[in-house]
Amino acid sequence: MNETALTVHQTTRPHGFPTAEHFAFVESTRPGPAAGSALVENLYWSVDPYHREMMDDVPGGFTLDAPLEGRTIGRVIASRTPRLTEGEIVFHRQGWRTHAVVKPEEIRQLPRFDGVPLTAYLSTLGGTGLTAYVGLTRIARLQEGEDLFVSAAAGGVGTATGRFARLLGAGRLVGSAGSAAKAGHLTREVGYDAVFDYHDGAAADLLGKAAPGGIDVFVDNVGGEQLAAAVGALREFGRIVRVGTISQYNTPDAPKPRFNYADIVEKSLRMEGFLVSNYRDVQEELYEFAVPHLQSGRLALDETVVDGFECIVDAFLGMLRGENTGKILVRDRTQARP
């Protein structure tokens, strides 16, 4: 058994796009659990867009020169509490490290469903899928036959939103992505009817061509110009679900979107943002909805898997550059299939 542990620390605050120089890998002796806790060897790590926000000097952000947090799945390898047994697979939030000492109240014991891989608990069945499901069912209150536009449709939340919306009976699905290859994947594999590359022109023009009859719901992962375009395209009683503003994470000085604010009143539009952490009570409902579709093959996992904890910073930076399709995950090399 490896007697050393690795953690990732943030060493400085970025202004604009972060680089590998903003992080450091720190080696230490593998920790031992205190009474009432257990030692977990981490196996899968999630890197997420919200981590970029936490790199800034904001309330609740990352502390410099300290281990970072993130969603993680690991195996209990030593326990000093009867509530956690060795060999048990658990979910916790002490990511960006190879080993973590956790208390029972800090973990979630994962149900195991036949035919569902562990990675699903960090993607479709995890925070990414829960964000998409809550956005559609609680915030948008999607009705059968309604038309959607999803920005950053090739990302983790975007692919999950598209697949869930199709299962929920949505009408026309329109998305934006960062390349023609991603647009093709979304229409061929994920179920989108039309996807445009946002580099190809003004967002309002591109959206107008993809959804000439307008939209009922906009699931916004980006903000900026695409948010302004969606306000113009929304029909009466349209809804905007604000998930994130990735277009501004690395360009804090970018101009704010400009749109006709009268549209909000005249079309009776509703815009609402949310934090998925406030909807953890919906987790079991997500399992009930998604697991049967995963088992039947009607719902597929959209994942980009990077092997090796030593690649976690590269995976995170690649995600910010849009190099992934679907949810990006880091996998311990011991879990890779030969």
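Predicted model: local features only at pLDDT ≥ 70, side-chain atom pairs only at ≥ 80, totals over all residues.

Guide: Residues are numbered from 1 along each chain as its sequence is written, and side-chain values use heavy atoms, with hydrogens and water left out.

Visitor: How many helices and strands are there in the protein chain?

Guide: Helices (H or I, at least four residues) and strands (E, at least two) are DSSP runs, numbered from the N terminus. Counted in that way, the protein chain has 10 helices and 15 strands.

Visitor: What is the radius of gyration of the protein chain?

Guide: The radius is taken over C-alpha atoms, and the globule rule used for comparison is 2.2 Å times the number of residues to the power 0.38. For 338 residues that rule gives 20 Å, and the chain comes close to it, so it is as compact as a globular protein of that length. The radius of gyration of the chain is 20 Å.

Visitor: What share of the residues in the protein chain is buried?

Guide: A residue is called buried under 20% relative accessible area, exposed over 50%, and partly exposed in between, with a 1.4 Å probe and protein chains only. Of the 338 residues in the protein chain, the buried share is 54%.

Visitor: What share of the contacts with a separation of 6 or more joins residues 24 or more positions apart?

Guide: A contact means heavy atoms within 4.5 Å. Among the contacts in the protein chain with a separation of 6 or more, residues 24 or more positions apart account for 68%.

Visitor: Which residue of β7 is the bridge partner of V90?

Guide: Two strands pair if DSSP finds at least two bridges between them. Strand β5 (residues 89–92) is joined by 4 bridges to the antiparallel strand β4 (residues 72–79), where G74 stands opposite V90. Strand β7 (residues 108–109) also pairs with β5, in the antiparallel sense over 2 bridges. In β7, the partner of V90 is Q109.

Visitor: Which residues of β5 point the other way from I89 and F91?

Guide: In a regular strand the side chains alternate between the two faces of the sheet. In β5, I89 and F91 point one way, and all four residues of the strand are buried. Those that point the other way are V90 and H92.

Visitor: Why is helix α2 described as largely enclosed by the rest of the structure?

Guide: Helix α2 covers residues 127–139, and its buried residues include G127, Y133 and I139. The helix is largely enclosed because the buried residues number 11 of the 13.

Visitor: Is A152 buried or partly exposed?

Guide: Most residues other than glycine have a negative phi, and most peptide bonds are trans. A152 has a positive phi of about 50° although it is not a glycine, and its place is in the loop between β8 (148–150) and α3 (156–167). Its relative accessibility is 28%, so A152 counts as partly exposed.

Visitor: What is the relative accessibility of S268?

Guide: S268 is found in the loop between α8 (262–266) and β13 (270–273), and its phi is near 55°, a positive value in a residue other than glycine. S268 counts as partly exposed because its relative accessibility is 35%.
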